[in-house]
Amino acid sequence: YQRNCSVCHGLRGEGGLGPALGGIARRRTADEIAQQIKSPVGAMPRLYPSPIDDRQLLDLQAYLKQLS
């Protein structure tokens, strides 16, 4: 998260250039989050499969779940 996402979404998911991610796990399923990362809509850059691979995608989903 720190390397690829925080530039737009903030160090703690508070938002910035991109939307705030706090509570994202309550609004979206893990599959929906993965789909947004794999095939982004809007201004979000494509980061999958590089620099974010499958393992990092799972780690990112777990991290976003704790940003409640």
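## Helices and the model

Helices here are DSSP runs of H or I with at least four residues, numbered from the N terminus. The model described below is predicted. In that numbering, α3 covers 30-38 and α4 covers 54-65, and the loop between these two helices holds Pro49. Pro51 is found in this loop between α3 and α4 as well.

Which residue is joined to Pro49 by a cis peptide bond? The partner is Tyr48, and omega is about 10°. A cis peptide bond also joins Ser50 and Pro51, with omega of about 15°.

## The nonpolar core

The largest nonpolar core has 14 residues. Those that touch the most other members are Tyr1, Leu21, Ile37, Leu57, Leu60 and Leu64. Helices α3 and α4 each supply at least two residues of this core.

Apart from neighbours within four places in sequence, Leu64 is in contact with Tyr1, Leu21, Ile24, Ala25 and Ile33.

## His9 in helix α1

Helix α1 is made of residues 6-9, and His9 lies in this helix. Is His9 buried or exposed? Its relative accessible area is 13%, and buried means under 20%, so His9 counts as buried.

If residues up to four places away in sequence are not counted, His9 touches Tyr1, Glu14, Gly15, Gly18, Pro19 and Leu21. Tyr1 and Leu21 are also among the residues that Leu64 contacts.

Methods:
Residues numbered from 1 in each chain as written. Predicted model: local features only at pLDDT ≥ 70, side-chain atom pairs only at ≥ 80, totals over all residues. Heavy atoms only, no water. Buried < 20%, exposed > 50% of the residue type's maximum accessible area, 1.4 Å probe, protein only. Contact = heavy atoms within 4.5 Å. Core = buried A, V, L, I, M, F, W, Y, C linked by side-chain atoms within 4.5 Å.
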